[in-house]
Amino acid sequence: MSVATMQAIVKPEPKPGARLQEVQVPEVGLRDVLVRVRAASICGTDLHIYKWDRWSARRIHPPLVFGHEFCGTVERVGAEVEGVRTGDFVSAEMHLACGRCFQCRTGQRHICQNVRIIGVDADGCFAEFVKIPESNIWKIDPAIPVEYAAVLDPLGNAVHTVLAGEIAGRSVAVTGCGPIGLFAIAVARACGAGTIIASEPHPFRQKLAVKIGASLVVDPEKLDATAEVLAATNGVGADVVLEMSGHPRAVRQAFQMLRRGGRISLLGIPSRPLELDLANDVIFKGATVQGINGRRVFETWYEMQALLKSGRLDLAPLITDRIALADYEHGMELLLSGNASKVLMYPNGKP
Ligand code: NAD
Ligand code: ZN
């Protein structure tokens, strides 16, 4: 029995906020891996948990150590772990698929019916250590920098979305330039996309979109984003639209700016059901509509690794802030203001 303790960011009770506190280092089961976290990154989901919105109140059962984006070094492995060793540089797929449902048994683990998420349904990585089942560990090529390794989870969302259809030589519209929309622009650029038009109301994020490879950024609160995309594509509309905001107005515009016969991939999650003009924007257009959930396990991870190793993905401008774990409140506030993209925290000390 281990009685060691560690520092962790905990949601101690069902109400807004969080607390930095001493908790027990997780017990490692036979097939578990204990990882010493080198860097963790704050996701929009963590903001929901921090603010304690309706979704969190239904889903989260405090006390919970939250956080699900990280990389680290393997500290210890369970007795039956065979493919992972102490000292390995790793991250993990934090969606735990059940392995028994129809989807799991037919190669679609990313849409498992009984998914549990580490950092949402079980203790996560905003801590000195995190426990992961061996089957979900992703070993990282040592050539990949720690800062990129810490954001493989959201980068994987972007890679999954961008590579869900043809991208090279296509005109691409991205609605919403939060961290994932920004990653999507970088990935589309690296994969040979043609014109990339982004829509985003926040000035800080508009600037990042240009820096990372967008050809044109539209402020949807000042200009008609659909008209701008049509103007930039000779009146045809975008070949590919990536919806990365979940904002109802952006979702409707995303469908409108798609060309006839184009592909629209939706990753952004609207907070409530919304109305669409299916006749004009999907049916008569002959549109291909895709819902994108998580990352394909582990196809997306291999694609991501290949892209990172190609050297064509420069994500440096998107890592905007680096803070100590104890300064988590500052990190949350930065993200809530929109004046940040990825905020990294260092539970075992800044490098
Ligand atoms: P985010 O909230 O930081 O980004 C959304 C961006 O959209 C913001 O920058 C916001 O300013 C912008 N926006 C708001 N209104 C807009 C409008 N009318 N037009 C264009 N842009 C607008 O979120 P994120 O972390 O980058 O994630 C993006 C979305 O993807 C969120 O909805 C999130 O919940 C969702 N998500 C989905 C999955 C999945 O597996 N499907 C995984 C992670 C996140
Ligand atoms: Zn399943």
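Where in the chain is the place of Pro63? In this predicted model, Pro63 has its place in the loop between α2 (54-59) and β4, and the peptide bond that leads from Pro62 to Pro63 is cis, with omega near 0°. The protein chain as a whole is divided into domain 1, which takes in 5-151 + 315-346, and domain 2, which takes in 158-291.

- The centres of domain 1 and domain 2, taken over C-alpha atoms, are separated by 29 Å, and the contact draws on 13 residues from domain 1 and 11 residues from domain 2.
- The size of an interface is often expressed as the accessible area that is lost when the parts come together.
- Between them, domain 1 and domain 2 bury about 1,100 Å², and 72% of this area lies on carbon and sulfur atoms.
- Sorted by class, the side of domain 1 that touches domain 2 consists of six nonpolar, six polar and one charged residues.
- Three residue pairs are found in polar contact across the interface of domain 1 and domain 2, with both residues at pLDDT 80 or more, whereas the count of salt bridges between domain 1 and domain 2 is zero.

**A three-stranded sheet**

- Three strands form an open sheet in the order β2-β1-β4, and their pairing is antiparallel.
- The edges of this sheet are held by β2 (19-24) and β4 (64-65), and because each of them has a single partner strand, one side of each is left without a neighbour in the sheet.
- Strand β1, residues 5-11, runs antiparallel to β2 and is joined to it by six bridges; within this pairing, Ile9 has Leu20 in β2 as its bridge partner.
- In general, the strands of a sheet pair through backbone hydrogen bonds, in either a parallel or an antiparallel manner.

**Salt bridges**

- A search of the whole structure returns 14 salt bridges, and one of them is formed by the side chains of Glu80 and Arg31, with an N to O distance of 3.1 Å.
- This pair links distant parts of the chain, 49 residues apart, since Glu80 lies in the loop between β5 (69-77) and β6 (89-92) and Arg31 lies in the loop between β2 and β3 (32-41).

**Backbone features in loops**

- A cis peptide bond also joins Val297 and Phe298, with omega at about -5°, and Phe298 is found in the loop between β16 (288-291) and α11 (299-310).
- Trp52 is not a glycine, yet this residue has a positive phi of about 65°; Trp52 has its place in the loop between α1 (44-51) and α2.

Note on methods. Residues numbered from 1 in each chain as written. Chains lettered and ligands numbered in written order. Predicted model: local features only at pLDDT ≥ 70, side-chain atom pairs only at ≥ 80, totals over all residues. Heavy atoms only, no water. Pairing = 2+ DSSP bridges. Helix = DSSP H or I, 4+ residues; strand = E, 2+ residues; numbered from the N terminus. Domains from an automatic or database assignment. Contact = heavy atoms within 4.5 Å. Buried area = accessible area lost by both parts, 1.4 Å probe. Salt bridge = Lys/Arg side-chain N within 4 Å of Asp/Glu carboxyl O. Polar contact = N/O pair within 3.5 Å; in protein donor to acceptor, adjacent residues only side chain to side chain. Nonpolar A, V, L, I, M, F, W, Y, C, P; charged D, E, K, R; others polar.
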